[in-house]
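Subject: Structure handover

Hello,

Here is the structure I promised you. Please open it and keep it beside this note while you read.

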Amino acid sequence: MHHSLIADLLCAKAPMDSVTVCGWIRSRRDAKNFSFIAINDGSTRTHLQCVIDADTEAYANLGDANNGASVCITGSLVPSQGAEQAWEIHGKTLTLLGTVDPDYPLQKKRHSDEFLRTIAHLRPRTNKYGAMLRIRAEAAFAVHRFFHENHFYNVQTPILTGSDCEGAGEMFRVTSLDASAPQDANDFFSKPCRLTVSGQLEGEALALALGKIYTFGPTFRAEHSNTPRHVAEFWMIEPEVAFCDLNELMDLAERFVQSVIGSILDRAANDLALFDQFVAKGLLDQLKQTHANSFARLSYAEAIDILTQAKTTFAYPVHYGIDLQTEHERYLAESFCKKPVFITDYPKDIKPFYMRVNDDGKTVAAMDLLVPGIGELIGGSQREERQDLLQSRMAECGQKPADYWWYTDLRRFGSVPHAGFGLGFERLLMMLTGISNIRDVIAFPRTPGSLDF
Ligand code: 4AD
Ligand code: MG
């Protein structure tokens, strides 16, 4: 069907005799001599008003079609009488493509997020989820553009893997066998296979050849954390940079986050306005602030001091050595720094084996970026490039060096200082839209006990 996008028609410079639009009816109002129908085709948040005269065949074809029905309308594009939009269509012909059964669950009223999750196949048709998905697409594009313009190569790392990058053992098992107790020797790869939790280790191998790479792919975590910030399947962006230290890595992360925010402010203003108005008041101001101002930087030891002196009582007590909990992370970003903050130099005992040990022998050259409203957005580090130290860290962390032989090889053949980070794309979208539950920034969320759609 040759047709125009509503987004394009709404920017028309002059009337047009004959245009065709296809979309879904969002509302219908009947007057004596005509019907007004508002059409949305997904190309923009704004609906296009179409006027259908009562004595036409188009009107007969429309029948009693209402909210949710799909139509194709040809007519003239003329200046609108209404104040809300510049243009409307006077329909000449109308085809009713799909009628709507009476139990269509999307009514014109506002639905709760919880209810909409139960109809994830239809929620993209609401204003809010349509806007979220357009921002998501724009943000993905902005990610690729940033790295491309900064001479990073986009690489694809495996989804099926035999190693556990984070060493946290929170991996989904994959098998080609039906048996309830899979026999590794008979299985497809003759060894246990899992879904990746991170492309970092392979990313390092590629950075140590190409210099600057990034991945942008799905990752999987079988953590049983039922929180508004965790999903079992999420998209991670992982840059890895050769000849790079922790400070340069933080500079990169800061420029990257600011660049994506800048793109969204420029290119998704209409959709962002919905979130600023209805979801998170003050969002636009906050994004502009984050875009324009540098992020804070604190060491883990400084962060612990700040938390111990805080007037707030935390559910999880604070002392040097703890893994920061979300309440702590949010206090540091929201209440103390009032902006995104990098926390660096964590004790090595709470971080994975691959992070570079600092000269004190106790901390590692790690950084997490904590942001207001969310907590951890980024986790990264300088990597341990010294073979002997890497091997002793592996032993301390209970990893078998034989499982990572190729990874340690990289330290034997032209090793270089290098660093990288992982940013959870869904958490970035929470920041961009002000949506407070991660289940609402991904089209079909996967969480414990939930695998519909
Ligand atoms: O901090 P994480 O576990 O770091 C890594 O996986 C490193 N290998 C990354 C690297 O250095 N290349 O995860 C990175 C980010 C987190 O900061 C968070 O934003 C996101 O991934 N993340 C999740 N997002 C949604 N649901 C989950 N269950 C997540 N787990 C981590
Ligand atoms: Mg982390």
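**Ligand 1 and its surroundings**

A polar side-chain atom of E376 sits 2.6 Å from an oxygen atom of ligand 1. That is a polar contact (a pair of N or O atoms within 3.5 Å; within protein, one must be able to donate a hydrogen and the other to accept it, and residues adjacent in sequence count only if both atoms are side-chain atoms). R221 also reaches ligand 1: an N or O atom of its side chain is 2.8 Å from a ligand oxygen. G424 uses its backbone instead, with an N or O atom 3.2 Å from an oxygen of ligand 1. Taken alone, ligand 1 exposes 630 Å², and the protein buries 94% of that (Shrake-Rupley method, 1.4 Å probe).

This is a predicted model: local features need pLDDT of at least 70, side-chain atom pairs need 80 or more, and totals for chains, interfaces and linings use all residues. Residues are numbered from 1 along each chain as its sequence is written, chains are lettered from A and ligands numbered from 1 in the order written, and side-chain values use heavy atoms, without hydrogens and water.

Which residues come nearest to ligand 1? Of the 25 around it, they are E166, Q200, E223, E238 and E376. "Around" requires a heavy atom within 4 Å. β15 (375-382) supplies at least two shell residues, as do β11 (233-242) and β16 (418-424). The largest share, five residues, comes from β15. Strands are DSSP runs (E, at least two residues), and helices are too (H or I, at least four), numbered from the N terminus.

**Two helices**

L283, L287 and T290 in α8 meet M431, L432 and T433 in α13. Contact means heavy atoms within 4.5 Å.

Best wishes
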